Amino acid sequence: MSSNHKSAIANPESLMPDHPTITVGDFVACGPARLQLHVLAGADAAVARRITAARVHKLGLALAGFAHDIHTGRVQIVGQSEIAYLNQLSSERRREVLNSGALGQIACMLVTKSPALPPELAEWAERTGVPLLQTPLVSSLAITVTTEFLQETLAPRETRHGVLLELYGVGVLIEGRSGIGKSECALDLIVRGHRLVADDLVEVRRIAPDQLLGSAPELLSEHLELRGVGIINIRDLFGVSTISGPKNIDLSIKLERWDEVKEVDRLGIDELTAEILGVRVPHFLIPVGSGRNLATLVETAVRVHLSRARGNNAAQTFVARHTASLRAPDVEAESRRVNNSELEDDREETRR
Amino acid sequence: MLERRVVIRNRLGLHARAAARLVRVANSYHSAVRLERIDGSHSADAKSILSVLMLAAGFGTELRAIVYGEDEDEAINALCTLIAEGLGEEGRQ
């Protein structure tokens with residue numbers, strides 16, 4: 001994701017709700033630069049009109065009177081074929097087509113490439129207050145770029161209290177009560193060559209049904225607060241390789257005070273998960289006590305996670321070996337019993 | 001110091017999950033808890049999961065629980081009850 005995507009979220013209103021929206025005006029101003037958007041008509045309406053859905057739609061059949069797929073709040077792509085279709089209609093028929101059905105509820109129309117537009121389109125846009133935008137890109141590319149941008153911008157989001165780091169390519173969200181040592185643990189990990197994404201506040205967005213993206217609030221990025229030392233800039237002190245941009249959250253680690261942990265996993269055969277924005281993420285609960293080196297523990301948990309992701313669960317293998325060793329004496333006893341009874345059979349035969 | 005003999009009643013023996021349950025209970029007391037095979041061939045710290053697993057106590061194995069500390073009464077009762085009841089395992093014999 002590029003930085004111009006982030007600026008679109010600068011609108012504080014769109015930060016708050018679980019399902020954010022973006023105005024058409026913000027989409028034009030802060031949307032992907034590649035789209036080179038400009039407003040053909042309905043600029044006044046664009047300020048307030050909102051895009052609420054990430055999926056874009058191609059107008060297509062709606063122009064022929066089949067408006068089944070027209071949904072509120074979507075961007076409607078108008079390509080060469082739609083314009084060609086409109087152009088071969090009579091002026092009267094064009095007005096009729098545009099005014100019929102559900103077209104008035106869409107967020108905006110996005111015309112791709114630069115075809116000669118029938119004047120009725122701009123007229124309609126001004127009258128109904130549906131902004132008419134234009135991009136020089138071809139439809140297929142415009143759809144991809146727009147969808148990618150909207151999916152990121154309109155993704156459900158949540159701000160979590162924790163630290164997000166990248167260890168061995170794994171995005172690790174470390175959470176726990178204030179004062180438990182999250183930032184100190186992060187510092188240890190940074191010194192060991194891992195990278196900081198966000199300290200204290202992590203903005204999490206669900207950018208796909210099973211994908212969480214975590215980033216630092218603009219103001220906080222690269223900074224970390226250490227009790228007794230104050231706010232430090234990680235890039236200044238440790239170099240550019242110790243900070244990272246937004247990162248997928250692959251693993252969740254909860255730090256909890258030793259005496260507050262109800263149940264510690266002693267075996268590690270059950271792979272725990274935590275739920276973040278409805279996505280299940282592999283999870284470790286690590287008790288914090290004196291003599292426990294948090295950075296080493298977190299580093300090891302990540303290695304275990306990587307190992308498990310490749311289908312290798314050491315705890316399960318160990319337990320299977322142990323269970324087999326428990327059964328072994330039974331098997332021996334059983335075979336002894338069988339042998340004895342065979343012997344007895346032999347004896348009986350000898351007697352006969 | 002208290003000592004009591006217990007027999008592993010659950011079908012699968014002192015397997016991983018059962019051992020984890022035992023260790024969790026042992027850790028909830030201040031007393032030191034040891035488990036020994038009755039023949040003295042093996043002895044384990046009941047607060048350490050690996051130690052307990054290394055007892056390799058199958059079904060019917062006789063063990064001696066040795067508990068020492070301020071809450072030894074409660075500890076030995078809790079542990080022996082847990083073991084006698086099959087360590088929370090379903091379908092014990």
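Student: How many salt bridges does the rule find across the interface of chain A and chain B?

Tutor: The rule finds 1 salt bridge across that interface. Keep in mind that this is a predicted model.

Student: What makes the meeting of R17(B) and D270(A) a salt bridge?

Tutor: Their side chains come to 2.9 Å, N to O. The cut-off is 4 Å between a side-chain nitrogen of Lys or Arg and a carboxyl oxygen of Asp or Glu, so an Arg and an Asp at that distance qualify.

Student: What else describes the interface of chain A and chain B?

Tutor: The area buried between the two chains is about 1,200 Å², and carbon and sulfur atoms give 63% of it. In the contact, 10 residues of chain A face 18 residues of chain B. R266(A), H322(A) and L326(A) supply 47% of the area that chain A buries against chain B, more than any other three residues.

Student: How many salt bridges does a search of the whole structure find?

Tutor: Over all chains, the search finds 18. One of the pairs is within chain A: E123(A) with R95(A), where the closest N and O atoms are 3.3 Å apart. That value lies within 4 Å, so the pair of Glu and Arg is called a salt bridge.

Student: Which parts of the chain does the pair of E123(A) and R95(A) link?

Tutor: E123(A) is in helix α7 (residues 119-128) of chain A and R95(A) is in helix α6 (residues 91-99) of chain A. The two residues are 28 residues apart, and the parts they link are distant in the chain.

Student: How do the axes of α6(A) and α7(A) lie?

Tutor: They come within 10 Å and cross at roughly 35°. The crossing of α6(A) past α7(A) is right-handed. Among the residues that meet are R94(A), R95(A) and L98(A) in α6(A), and E123(A), W124(A) and R127(A) in α7(A). The residues of this contact divide into 4 nonpolar, 2 polar and 5 charged.

Student: At what angle do helix α9 (residues 182-191) of chain A and helix α11 (residues 294-309) of chain A pack?

Tutor: The angle is about 70°, and the axes are 8 Å apart. Angles of 65 to 115 degrees count as roughly perpendicular, and therefore α9(A) is described as roughly perpendicular to α11(A).

Student: Which residues of α9(A) and α11(A) meet?

Tutor: C185(A), D188(A) and L189(A) in α9(A) meet L294(A), A295(A), V298(A) and E299(A) in α11(A). The contact has 5 nonpolar residues, no polar ones and 2 charged ones.

Terms used:
Residues are numbered from 1 along each chain as its sequence is written. Chains are lettered from A and ligands numbered from 1 in the order in which they are written. This is a predicted model: local features need pLDDT of at least 70, side-chain atom pairs count only at pLDDT 80 or more; totals for chains, interfaces and linings use all residues. Side-chain values use heavy atoms; hydrogens and water are left out. Axes are lines fitted to C-alpha atoms, for helices over the stretch in contact, and angles run from 0 to 180 degrees between N-to-C directions. Helices (H or I, at least four residues) and strands (E, at least two) are DSSP runs, numbered from the N terminus. Angles under 35 degrees count as roughly parallel, over 145 as roughly antiparallel, 65 to 115 as roughly perpendicular and the rest as oblique. Contact means heavy atoms within 4.5 Å. Ala, Val, Leu, Ile, Met, Phe, Trp, Tyr, Cys and Pro count as nonpolar, Asp, Glu, Lys and Arg as charged, and the others, Gly among them, as polar. Buried area is the accessible area (1.4 Å probe) that two parts lose on being put together, summed over both. A crossing is left-handed if the near helix is turned anticlockwise from the far one by less than a right angle, and right-handed if clockwise.
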